[in-house]
Amino acid sequence: MIEISETAADKIRSLMAKQGIAEGGLRVGVKGGGCSGLSYTFAWEKQPRLGDEVFEGASGAKIFVDRKSLLYLNGTVLDYDNTLISRGFVFSNPNAKST
């Protein structure tokens, strides 16, 4: 399971509106490569793909995760950091060995 914080859900909904996507959600995934190991991927999608797990947060914000990525993301909390120092989605992933 992946939890979506209220802050992240609000940001997903507002960014979807800017993209002109009324229905759909944020695809979240993990890909390998580089010397740092795995990295997170993001993409806007109008609907989930076959085999995706769909997680819903506040305001109906949805994220779509493929089964392979879910192995690495299970138990994660997706949040959005909006401080002066940084701005963006933040993963609190109990499976990550380093960030």
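Good morning. The model is a predicted one, in which local features need pLDDT of at least 70, side-chain atom pairs count only at pLDDT 80 or more, and totals for chains, interfaces and linings use all residues. Residues are numbered from 1 along each chain as its sequence is written, and side-chain values use heavy atoms, with hydrogens and water left out.

The structure contains three salt bridges, a salt bridge being a side-chain nitrogen of Lys or Arg within 4 Å of a carboxyl oxygen of Asp or Glu.

Let me begin with R27 and E45, whose closest N and O atoms are 3.1 Å apart. This pair links distant parts of the chain, 18 residues apart: R27 belongs to strand β2 (residues 25–32) and E45 to strand β3 (residues 38–45). Strands here are DSSP runs of E with at least two residues, numbered from the N terminus.

Are these two residues buried or exposed? R27 is buried, with a relative accessible area of 7%, and E45 is buried as well, at 14%. Buried means under 20% relative accessible area, and exposed over 50%, with a 1.4 Å probe and protein chains only.

I turn now to D52, which forms a salt bridge with R27, with 2.4 Å between the closest N and O atoms. D52 lies in the loop between β3 and β4 (53–56) and R27 in strand β2, so the pair ties together parts that are 25 residues apart in sequence. Both D52 and R27 are buried.

The remaining partner is R49, which forms a salt bridge with E45, the closest N and O atoms lying 2.9 Å apart.

To conclude, salt bridges link R27, E45, R49 and D52 in a network. Thank you.

Methods:
Helices (H or I, at least four residues) and strands (E, at least two) are DSSP runs, numbered from the N terminus.
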